[in-house]
Amino acid sequence: QVQLVESGGGLVQAGESLRLSCAAAGRFLSINVMGWYRQAPGKQRELVATITTGGRANYADSVKGRFTISRDNARNTVYLQMDSLKPEDTAVYYCNAQINPWVGPQVNYWGQGTQVTVSS
């Protein structure tokens, strides 16, 4: 059984920083793309950033220049460094990973979500 374990959310003031972490635990062959999504109250879940195994990153326009995604392939972990946070960044942040099991096709996994709240 594969699990994505998130940590690092919390309550901060506008302009401050937070760093989210997400580690994939369990038995699997490899991980393809990892990423972060978020869902604010009353809104649909949206992409924040993704990163390939080779380190190529993709960002939502709303976070470009403020957020940085990175990963440690040896630790099966993805990070999201969030700087210059704004109240509109308030949401539940979800980790996502496309994981190749030892047998069968790729499976899309989600973390349990971590709350990020930015006060003005």
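Salt-bridge network

A: Arg38, Glu46, Arg66 and Asp89 are linked in a network of salt bridges, a salt bridge being a side-chain nitrogen of Lys or Arg within 4 Å of a carboxyl oxygen of Asp or Glu. This is a predicted model, in which local features need pLDDT of at least 70 and side-chain atom pairs count only at pLDDT 80 or more, while totals for chains, interfaces and linings use all residues. Residues are numbered from 1 along each chain as its sequence is written, and side-chain values use heavy atoms, with hydrogens and water left out.

Q: How many salt bridges are there in the whole structure?
A: A search of the whole structure finds five.

Q: How far apart are the closest N and O atoms of arginine 38 and aspartate 89?
A: They are 3.0 Å apart. Arginine 38 lies in strand 4 and aspartate 89 in the loop between strand 8 and strand 9, so this pair ties together parts that are 51 residues apart in sequence; strands (E, at least two residues) are DSSP runs, numbered from the N terminus.

Q: And is aspartate 89 buried or exposed?
A: Aspartate 89 is buried, with a relative accessible area of 1%, where buried means under 20%, exposed over 50% and partly exposed in between (1.4 Å probe, protein chains only). Aspartate 89 also forms a salt bridge with arginine 66, with the closest N and O atoms 2.7 Å apart, and arginine 66 is buried as well, at 10%.

Q: What about arginine 38 and glutamate 46, what meets there?
A: Their side chains meet in a salt bridge (2.7 Å, N to O); arginine 38 is buried at 6% relative accessible area, whereas glutamate 46 counts as partly exposed at 36%.

Q: Changing topic, which residues have a positive phi without being glycine?
A: Among them are asparagine 76, with phi near 50 degrees, and serine 84, with phi near 50 degrees. Asparagine 76 is in the loop between strand 7 (67–72) and strand 8 and is partly exposed at 25% relative accessibility, while serine 84 lies in the loop between strand 8 and strand 9 and is partly exposed at 41%.

Q: Where is threonine 90?
A: Threonine 90 is found in the loop between strand 8 (77–82) and strand 9 (91–100), and its C-alpha atom is separated by 12 Å from that of glycine 42, which is 48 residues apart from threonine 90 along the chain.

Conventions. Helices (H or I, at least four residues) and strands (E, at least two) are DSSP runs, numbered from the N terminus.
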